[in-house]
Amino acid sequence: MKFYLVLPTFLLLAVQAFSQRMGSVPSKAQLAWHETEYYLFMHFGPNTFTGKEWGEGKEAADIFNPSELDCRQWCRIAKQAGAKGIIITAKHHDGFCLWPSNYSTHTVKQSKWKDGKGDVLRELSTACRESGLKFGVYISPWDRNHPDYGTDKYNDVFVNMMKEILLSYGPVWELWWDGANGEGPNGKKQVYDWRRFENTVRQYSPQTVIFSDIGPDIRWVGNEKGIAGDPNWNFLDTAGYKRGEGAPATDTLNHGNYAGRQWIPAECDVSIRPGWFYHKNENEKVKSPQELFQLYLKSVGRGANLLLNVPPDERGLIHANDSVALVGFKKLRDNSFENNLLKDGTTYYEFSQQDLKSSQLTLRSLDDEETYYAANLQNFVARLSQPQLVNCIVLREAIHKGQSVRSFRIMLYNGKTQVGMVKGTSIGRKRILTFPAKKITSFRVYLDDAKGQDNISGVAAYLVDEQLLEK
Ligand code: FUL
């Protein structure tokens, strides 16, 4: 039984007053981005062949020569891994372009690969489209190769490169601007024309979401470990800050600003290996499915998105060790979250307000506008049809209405006896709480502190394999 709440007029007035206090809401493109949840990052380029992490830009273009490049293999593995898209390093700090750009002489065109006729962006954008994956592009503003770097002319170069990418390989779902900014080949640092860069993307590809340290659409989470803050706010104040060295403190990026004015949610980037690029000597250091599951709980489970780097090797293929880990990770997520113990027909919820009795909340996609949610609950009970062991509860806020809950408690009951309590801070798009398993018949969620009214759109309970949870 699904429901949609019709609020009495007095409540509607209150909602209007509260919504002032709740701050901004996500754009349509940001809402859709939130729902992608988890996707892959691929660092690929000259560094794949030299063993470096930061190429100097002096590497011969011929170094780039994958023997068996197959972007369909990347996509197949991404699909099997349950990832929703792929973001590729079209140009890393070394300046080498994975597409035959007309604005550089350090590209696939100058390499021996496919006699200079190869184009990784073409192959990947096509393969992503064919397999229904979102296609994203990382392009480093810092360029250690380009002769114009450090002069005004380089801003034209960067704008032209973005135009090539957006117009020839689009739709580009997410564009990634790295904050690293060092010196170019002439020893100079670049003064970036960020406003112009942003206007270019908005003009040529308005549906693209832009990532950087401080957005405008998505922010860096402040670390490269894949861990979002607790609490994690989708708000950030960017006034007075810059990308790179002028960015807010990493701790601020990690948590967001509770009272921040802009909706700029966090993305957690982390590599499946120690390095961002493929290095043979790291083949045995691929993160295990359990480690990836832990990261999932600390990123997606705190309302952020997970961008997991899986770098293709010198062949241009994803190494078997990485794909095995990815598929194992998918299995752990499926096993953990396939059986919502509240989904039983006899389960029902009872809310503190008179007119909200016996309604049921279900976890639903926020893609469509008719999202179901309950407003201003303050507290509610979820009952299980029989005593069950539970060690994981998932809550969701209807973030199209904003983000509001600041602290909550969950009381666990077996019959009338309270057998435990779990505390939480923010909820956001998804909050996954884990705790030592308890046999329970019901739990009551108290939304103790909220910024304006609370809007809860989902609740679920699970029994996750204890081995997967940190002690
Ligand atoms: C950093 C870069 O310097 C690393 O090489 C990598 O690309 C990482 C995702 O971002 O700023």
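Visitor: How far is an oxygen atom of the ligand from an N or O atom in the side chain of Asp 178?
Guide: This is a predicted model, where local features need pLDDT of at least 70, side-chain atom pairs count only at pLDDT 80 or more, and totals for chains, interfaces and linings use all residues. Residues are numbered from 1 along each chain as its sequence is written, and side-chain values use heavy atoms, with hydrogens and water left out. The Asp 178 side chain places an N or O atom 2.6 Å from a ligand oxygen.

Visitor: How much of the ligand's accessible area does the protein cover?
Guide: Accessible areas come from the Shrake-Rupley method with a 1.4 Å probe. On its own, the ligand has 290 Å². The protein covers 90% of that.

Visitor: What is the distance from a ligand oxygen to a polar side-chain atom of His 92?
Guide: Trp 54 has a side-chain N or O atom 3.0 Å from an oxygen of the ligand. For a polar side-chain atom of His 92, the distance to a ligand oxygen is 2.9 Å.

Visitor: Which classes make up the shell around the ligand?
Guide: Residues around the ligand include Phe 41, His 43 and Glu 224; the criterion is a heavy atom within 4 Å. By class, the shell has four nonpolar, three polar and three charged residues.

Visitor: Is Ser 426 buried or exposed?
Guide: Ser 426 sits in the loop between β15 (417–424) and β16 (431–450). Its relative accessible area is 1%. Buried means under 20%, so Ser 426 is buried.

Methods. Polar contact = N/O pair within 3.5 Å; in protein donor to acceptor, adjacent residues only side chain to side chain. Nonpolar A, V, L, I, M, F, W, Y, C, P; charged D, E, K, R; others polar. Helix = DSSP H or I, 4+ residues; strand = E, 2+ residues; numbered from the N terminus. Buried < 20%, exposed > 50% of the residue type's maximum accessible area, 1.4 Å probe, protein only.
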